[in-house]
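Please keep the sequence and the structure in view while working through them.

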Amino acid sequence: MSANLPPPATLAMALAASATLAACGGGERPEADLAASQVTTIGVNSYLWRASLEAVSFAPLLQADSNGGVIVTDWYANPSNPGERVKVTITILDQDLRADALRVAASRQVAQGGGWVDAPVQAATVQKLEDIILTKARELRRQAVS
């Protein structure tokens, strides 16, 4: 059983956007892209930051440090599955919009014997959240340079 991160509608929209992006090609980097990643009032890539906040908007935030690039959610239990909860930590490591500038970690717990017990998080769940964030960040960049 995997953690239910975003609500189904949000996840479906992100997956549809991901499929659309897969059809896009081209290795050229727009001139404005580098400038946009460097001209920022925060310490990390603003597209990754905004996309990350949107991706975890389903959960309450414990910490959001735009200079350090760290977002930590509080525990979130999907109302349709209250016996399971998840906590997400996102770290943005760079000012450039690159896949290796993003690190996502998730913790999952299940209700057992009146308390919460740690449970494994499927790697595919974390990968899916990373893909959602990267897809949204690229979309935000395209909108900004268009």
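1. Ala101 counts as buried, because its relative accessibility is 0%, and burial here requires a value under 20%. This residue is found in the loop between β3 and β4. The model is a predicted one, and the points below should be read with that in mind.

2. What surrounds Ala101? Leaving aside neighbours within four places in sequence, Ala101 is in contact with Leu48, Thr91, Ile92, Leu93, Asp94 and Asp96. One of these, Leu48, is 53 residues away from Ala101 in sequence, yet the two C-alpha atoms are 8.6 Å apart in space. Another, Thr91, has Arg103 of β4 as its bridge partner.

3. The overall plan of the chain may now be considered. The protein chain contains 4 helices and 5 strands, and along the sequence they follow the pattern α-α-α-β-β-β-β-β-α. Of the 146 residues in the chain, 37% are buried. Among contacts between residues at least 6 apart in sequence, 54% join residues at least 24 apart.

4. How are the strands arranged? The 5 strands form an open sheet in the order β1-β2-β3-β4-β5, and the pairing is antiparallel. β1 (61–65) and β5 stand at the edges with a single partner strand each, so one side of each has no neighbour in the sheet. From one strand to the next, the twist averages 15°.

5. The pairing of β1 with β2 is antiparallel and extends over 4 bridges. Within it, Ala64 has Ile71 of β2 as its bridge partner. The hairpin of these two strands has 4 residues between them, and Gly69 takes a positive phi near 75° there.

6. Strand β3 (residues 84–92) pairs with strand β4 (residues 102–112) in the antiparallel sense, over 9 bridges. On β4 there is also a pairing with strand β5 (residues 115–119), again antiparallel, over 5 bridges. In this second pairing, the partner of Gln109 is Asp118, while the partner of Arg108 is Ala119. The hairpin of β4 and β5 has 2 residues between the strands, and Gly113 in the turn has a positive phi of about 60°.

7. Is Trp75 buried or partly exposed? Trp75 is partly exposed, because its relative accessible area is 24%, and a residue would need a value under 20% to count as buried. Trp75 lies in the loop between β2 (70–73) and β3. Apart from neighbours within four places in sequence, its contacts are Pro60, Arg85, Val86, Lys87, Ser107, Arg108 and Gln109. Of these, Arg85 is 10 residues from Trp75 along the chain, and their C-alpha atoms are separated by 6.0 Å.

8. The packing of two helices also deserves attention. In general, a packed pair is described by the angle between the axes and the distance between them. Helix α3 (residues 46–55) and helix α4 (residues 123–145) pack at an angle of about 130°, with their axes 8 Å apart. The two helices are therefore oblique to each other, and α3 passes α4 in a right-handed crossing.

9. Which residues make the contact between α3 and α4? On α3 they are Tyr47, Leu48, Arg50, Ala51, Ser52, Glu54 and Ala55, and on α4 they are Leu129, Ile132, Ile133, Leu134, Lys136, Ala137, Leu140, Arg141 and Ala144. These residues divide into 11 nonpolar, 1 polar and 4 charged. Leu48, which belongs to this contact, is also among the residues that touch Ala101.

Definitions and conventions:
Residues numbered from 1 in each chain as written. Predicted model: local features only at pLDDT ≥ 70, side-chain atom pairs only at ≥ 80, totals over all residues. Heavy atoms only, no water. Axes fitted to C-alpha atoms, helices over the stretch in contact; angles between N-to-C directions. Parallel < 35°, antiparallel > 145°, perpendicular 65-115°, else oblique. Left-handed = near helix turned anticlockwise from the far one by under 90°. Contact = heavy atoms within 4.5 Å. Nonpolar A, V, L, I, M, F, W, Y, C, P; charged D, E, K, R; others polar. Pairing = 2+ DSSP bridges. Buried < 20%, exposed > 50% of the residue type's maximum accessible area, 1.4 Å probe, protein only.
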